[in-house]
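Visitor: I am new to this structure. Please take me through one part of it closely, and then show me what surrounds that part.

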Protein chains: 2
Amino acid sequence: MAEPVNKTAHAFDKTRFEALLNRRFFYAPAFEIYGGVAGLYDYGPAGSSLQANIISEWRKHFIIEDYMLELDTTVMTPASVFETSGHVARFADWMVKDTKTGDVLRADHLVKGVLEARLAGDQEARGVAAQPKDDEKDKKKKKKAAKTVAAVLPDETVKEYESILAQLDNYSGPELGELCRKHNLRNPDTDNEVSEPQEFNLMFASSIGPTGQHPGYLRPETAQGHFLNFSRLLDYNNGRIPFASAQIGRSFRNEISPRAGLLRVREFTMAEIEHFVDPEDKNHEKFAEARNVELTLLDKYTQVSGSSKVTKMTVGEAVDNGIIANQTLGYFIARISQFLLKIGINPERLRFRQHMANEMAHYATDCWDAEIHNSTGWTECVGCADRAAYDLSVHSARTGHPLVVRQALKEPIITEREVAEFNKKLLGKTFKQDAGVLQKAVESMDEAELIRLKGELSQGKATIKASEDKSFEITPELLTIERKTFKQSIREYTPNVIEPSFGLGRILYTLLEHSFWAREQDEERGVLSLPPLVAPTKVLIVPLSAREEFDPLVKEVSSKLRRAGVFSRVDDSNTSIGKRYARNDELGTPYGVTIDFASVQNRTMTLRERDTMSQRIGTIDDVIATVTELVFGTVDWAEACRRLPAYDGVQAVD
Amino acid sequence: MAEPVNKTAHAFDKTRFEALLNRRFFYAPAFEIYGGVAGLYDYGPAGSSLQANIISEWRKHFIIEDYMLELDTTVMTPASVFETSGHVARFADWMVKDTKTGDVLRADHLVKGVLEARLAGDQEARGVAAQPKDDEKDKKKKKKAAKTVAAVLPDETVKEYESILAQLDNYSGPELGELCRKHNLRNPDTDNEVSEPQEFNLMFASSIGPTGQHPGYLRPETAQGHFLNFSRLLDYNNGRIPFASAQIGRSFRNEISPRAGLLRVREFTMAEIEHFVDPEDKNHEKFAEARNVELTLLDKYTQVSGSSKVTKMTVGEAVDNGIIANQTLGYFIARISQFLLKIGINPERLRFRQHMANEMAHYATDCWDAEIHNSTGWTECVGCADRAAYDLSVHSARTGHPLVVRQALKEPIITEREVAEFNKKLLGKTFKQDAGVLQKAVESMDEAELIRLKGELSQGKATIKASEDKSFEITPELLTIERKTFKQSIREYTPNVIEPSFGLGRILYTLLEHSFWAREQDEERGVLSLPPLVAPTKVLIVPLSAREEFDPLVKEVSSKLRRAGVFSRVDDSNTSIGKRYARNDELGTPYGVTIDFASVQNRTMTLRERDTMSQRIGTIDDVIATVTELVFGTVDWAEACRRLPAYDGVQAVD
């Protein structure tokens with residue numbers, strides 16, 4: 001059996017981790033040989049495969065499982081669309097400039113950074129032992145960055161700073177400017193004063209066509225492409241609701257000062273779902289299947305009370321108790337959780353945080369972020385919001401194109417009401433140019449007034465007061481009022497939208513952090529324990545050397561694995577087997593097979609498992625069969641060990 | 001057995017075809033409810049699935065089969081990169097403006113359109129029967145568009161026009177302007193004169209970061225992302241060459257007047273391969289496997305001779321006879337052909353056209369386009385070029401970062417040469433500030449001069465003329481010259497690049513055209529005969545009605561199909577089975593299964609084939625097993641008919 005592996009023998013070492021990602025080309029700064037551009041990264045072969053595998057699983061888990069309608073809409077978007085959606089006016093951050101260097105900083109980040117640094121300096125001066133919390137670690141780092149000396153602050157200042165930080169998302173730009181002046185907040189890198197905050201729209205602008213007359217933006221999210229195609233999607237779905245559209249694609253945000261690697265970038269791949277639902281029925285057909293999924297929740301009441309204590313409960317309980325607003329939102333939160341765990345996110349480092357009232361868009365009714373913990377703290381990686389009818393309503397109002405569902409009612413709604421009908425010919429003859437005024441006066445009457453008028457008319461004549469100084473006398477020949485029956489067989493409504501929105505780069509990065517550890521014996525030997533489902537390469541084929549005699553077997557094994565649907569790579573480079581395995585531990589390759597002289601003579605092959613480094617041996621075909629099942633998850637390593645005896649040969653050791 | 005199907009009973013009807021694509025939401029103009037934007041299209045569920053399936057097969061056929069290194073690089077690119085690559089200076093078209101309306105036209109398109117229309121008018125006036133060639137059809141259309149009347153042209157004018165058209169790609173902007181003036185070429189839509197041609201760069205411009213100081217462009221191709229990462233890729237491949245990188249991603253071209261649907265758009269998905277190879281050895285390891293692939297070729301000599309007659313030959317013959325420049329280029333052309341045929345392109349409508357000398361970029365050594373015939377004529381869908389060392393050389397020169405391969409030589413190269421060495425101390429003491437001048441003079445000497453100097457020194461002293469008015473006398477103590485042996489064990493070179501570049505939208509569109517036909521009995525019943533490999537949905541599940549009693553079977557069948565890896569959809573809409581099948585014939589769904597009362601009672605199910613509409617019957621599990629094999633191509637319909645008896649029931653007829 002496999003020996004137990006201690007993956008936490010060494011604390012997470014970000015420097016080593018980043019060196020590994022760089023060395024194995026998971027990703028790298030784009031245009032590196034040109035000096036690079038902040039916030040733009042290229043994915044290399046390992047990162048691209050990992051991303052492709054995550055996307056492939058996303059497609060299966062969401063699109064195929066729930067018969068979603070996939071879309072692929074354009075990035076380039078005419079300005080009018082984002083004027084309507086509110087992005088031109090509001091998709092902005094406040095920035096300040098260093099008054100001497102012209103360096104640009106995000107105003108809220110500046111306030112947060114400097115105040116946190118001062119608080120940390122205060123704590124240090126007061127001799128308070130830093131608690132082993134990430135928040136504290138962050139403060140330390142920021143303090144260092146801001147070069148603040150340890151200095152005790154008056155108690156009321158500490159209180160004021162803490163209060164500012166707690167409501168940071170609430171300040172307007174001018175208020176942030178006021179804070180900078182009042183508290184003398186300066187650029188921590190230069191200690192220079194900063195300018196008044198200016199609004200900076202985060203959309204990249206361009207113009208479409210040769211005349212330069214059509215302003216356009218690169219989309220900052222894929223969502224608008226779904227909303228604009230709503231009528232076509234509804235039609236594709238045979239007019240039925242609920243249904244969901246889904247899209248995986250590139251989006252762009254011109255971040256003011258991107259600094260946190262893949263966590264805040266200017267160009268990124270998103271996967272978004274827009275689930276269209278009847279506002280009067282947000283139950284979900286498959287909620288029963290998700291009911292028992294356990295979630296870690298941080299609800300808005302807890303946060304408002306100043307705590308960040310999470311609660312564990314099933315999604316069923318959360319919806320039953322009104323913590324999550326409705327079944328559909330609950331269903332998606334459960335499915336998001338299942339997806340993240342399936343690809344390898346550590347369940348202990350995943351929580352769902354509810355937006356507080358002041359944090360949510362004004363139209364949203366409930367919103368939860370899947371936050372994943374990593375070396376920078378908790379990071380929002382998936383948003384899941386009930387956006388009500390906002391998006392469809394604004395586009396419909398702007399374009400005049402109805403974005404509604406017309407639903408045949410099972411039971412038509414029967415209503416009765418009084419209907420007034422003029423004898424138009426007689427009306428014109430009698431009242432000439434006043435006819436219109438009179439007609440309008442009657443049309444504006446409510447049910448009660450019509451009944452009163454009907455009564456009067458039944459007496460032979462009636463008086464209608466059209467305005468302060470105009471009254472008309474009419475007779476039953478001019479106007480008849482009758483009670484009529486109406487049958488409504490169609491209900492028309494604007495659907496609501498539940499939107500799960502995934503930032504794939506953030507998920508990929510946090511997954512890499514969660515997968516990283518170093519061998520107990522040697523801190524320099526990093527390993528990425530990616531699950532076979534998403535690992536870039538599933539099986540490494542390692543011939544003892546690049547000698548020709550191994551070629552036929554290498555070709556046989558790789559072609560058999562390919563036929564079984566298992567992606568393998570050959571490493572016949574001129575270095576020891578141990579080094580080749582170590583390189584592939586860094587790439588997250590879960591299994592390796594070694595072809596040596598015994599393979600040529602006896603048709604046997606060894607199978608190595610990445611985390612335990614334990615090796616088994618069997619015939620080539622047995623090993624291929626077992627490793628195929630391991631990759632597809634139908635057997636585990638313990639079962640593989642029962643099938644294949646341990647290998648204790650001298651070759652192919654690490 | 002299935003009856004034969006006559007797919008050519010009706011001529012291709014573009015109006016019906018486009019109506020079908022629109023109705024079934026393969027794609028639609030983006031921002032349609034805002035009035036649309038020329039050259040931007042959204043893919044709906046059917047188009048997105050088709051595209052995803054084409055990409056998935058592309059990944060298997062190219063990336064996985066040949067162990068290519070996948071990349072995912074950014075769209076947003078700093079201007080300096082495209083200055084180096086030549087795109088800022090040269091990635092442009094010439095445009096003219098209508099002098100009254102300001103409408104913009106591509107200058108070469110204007111010349112082509114008007115001259116072709118005049119030639120067509122001439123032919124008509126001369127009473128020449130239009131030949132049933134597509135080119136003629138095109139001319140007719142253009143004539144109509146240009147509202148040219150039938151009028152006989154002088155013979156020499158006809159000759160002149162034809163000569164202009166034959167070398168259209170050769171004219172500069174000013175020359176195109178000259179043509180417009182000389183031949184009075186006007187905007188065919190308005191009959192107004194046009195302005196002088198101006199150059200218009202096709203890249204979308206934007207700026208990166210909040211200060212607006214960093215100009216950027218959206219990439220018009222993915223290639224630069226490969227070249228800039230060359231060193232990292234080489235390292236990932238353990239320093240070995242040849243290898244290929246591959247990338248699937250969005251690119252942008254701000255076309256002057258996009259008009260041809262998906263064939264000329266402003267935003268599109270490309271798939272590009274950059275195969276890096278030793279310039280001294282462009283053989284390909286797997287060429288033997290491709291040698292017998294038959295190709296339809298239109299080489300440059302044939303074109304230059306004024307003909308467009310294609311030749312069929314194997315890729316082996318083409319390379320052996322020097323028609324295709326080298327094995328690697330030949331290998332990729334063969335693989336491209338195999339890929340296009342596999343996804344359903346009609347082999348009769350595929351040819352490879354070689355670029356003529358004046359058509360190719362100056363650095364390219366050979367270039368072939370896979371052209372696919374469609375209702376607009378022959379369209380370039382894949383380019384396959386040998387770009388030599390151009391790209392890596394220019395980026396390397398600009399950045400100073402070496403983009404080279406350093407290869408250990410099996411046999412070191414031994415060379416001998418004369419080496420001059422100064423006694424530096426003595427040199428400084430003797431010549432003071434002139435020491436440097438003297439040193440430079442010696443360093444700039446060639447072998448012959450050094451031997452001459454060595455000879456002089458062996459006589460005791462020598463004179464060195466450093467410039468017109470400066471000579472120095474030196475002794476052997478100051479300078480020794482010796483013959484030394486050098487051993488070069490590393491060869492350093494810039495690899496060449498073979499680049500297959502796929503426009504996926506063009507391939508998708510031509511595939512749809514090739515797949516479209518209408519039932520012989522009823523021209524309105526369109527069918528898309530997409531191969532199961534790429535069809536958006538593989539199996540349609542059709543319950544007789546939406547009644548609850550069919551639900552368990554519908555769920556069973558769809559879950560069993562999903563487990564078998566077969567993507568199905570249920571259509572339980574409230575319309576006849578025939579109409580539901582007709583709708584799915586339009587979506588290209590190859591198979592359908594019907595669940596009716598017999599299914600509930602006897603657990604049988606019928607299986608329908610799209611093209612023949614023939615129906616078979618069997619137990620639910622037998623039908624699932626057979627349809628799974630049909631979808632994966634391990635059995636054909638004839639074999640399915642042997643396994644499952646014909647169905648002649650009254651239900652589920654079309």
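Guide: Start in chain B, with helix H16 (residues 424–431) and helix H17 (residues 435–443). This is a predicted model. The two helices of chain B pack at an angle of about 125°, and their axes lie 9 Å apart.

Now look at the side each helix brings to the contact. H16(B) supplies Lys424(B), Leu427(B), Gly428(B) and Phe431(B). From H17(B) come Ala435(B), Leu438(B) and Gln439(B). By class, the contact of H16(B) with H17(B) holds four nonpolar residues, two polar and one charged.

Turn to chain A. Here helix H16 (residues 424–431) and helix H17 (residues 435–443) pack at about 125°. Their axes are 9 Å apart. That makes H16(A) oblique to H17(A). Lys424(A), Leu427(A), Gly428(A) and Phe431(A) sit on the H16(A) side of the contact. They meet Ala435(A), Leu438(A) and Gln439(A) of H17(A). The classes in this contact are four nonpolar, two polar and one charged.

How do the two chains relate? Rotate chain B by 179°, with 0.0 Å of shift along the axis, and it superposes on chain A with an RMSD of 0.7 Å. The copies are thus related as by a two-fold rotation axis. Which residue of chain B comes closest to that axis? Ser206(B) does, with its C-alpha at 2.9 Å. The interface fits the picture too. The copies meet through the same surface, because 100% of the interface residues of chain B are also interface residues in chain A.

Step back to the domains of chain A. Domain 1 has three segments, 14–74, 219–391 and 496–507. Domain 2 covers 92–201, domain 3 covers 411–491 and domain 4 covers 537–643. Between the centres of domain 3 and domain 4 of chain A there are 88 Å, taken over C-alpha atoms.

Finish with the rings. Over all chains there are 43 aromatic pairs. One of them joins Phe243(B) and Phe276(B): the ring centres are 5.3 Å apart and the planes stand at 40°, so the pair is tilted. It links distant parts of the chain, 33 residues apart. Phe243(B) belongs to strand S10 (residues 243–252) of chain B, and Phe276(B) to strand S11 (residues 267–277) of chain B.

Terms used. Residues numbered from 1 in each chain as written. Chains lettered and ligands numbered in written order. Predicted model: local features only at pLDDT ≥ 70, side-chain atom pairs only at ≥ 80, totals over all residues. Heavy atoms only, no water. Axes fitted to C-alpha atoms, helices over the stretch in contact; angles between N-to-C directions. Helix = DSSP H or I, 4+ residues; strand = E, 2+ residues; numbered from the N terminus. Contact = heavy atoms within 4.5 Å. Nonpolar A, V, L, I, M, F, W, Y, C, P; charged D, E, K, R; others polar. Domains from an automatic or database assignment. Least-squares fit on C-alpha atoms with pLDDT ≥ 70 in both. Phe/Tyr/Trp six-rings, centres within 6.5 Å; stacked < 30°, edge-to-face > 60°. Parallel < 35°, antiparallel > 145°, perpendicular 65-115°, else oblique.
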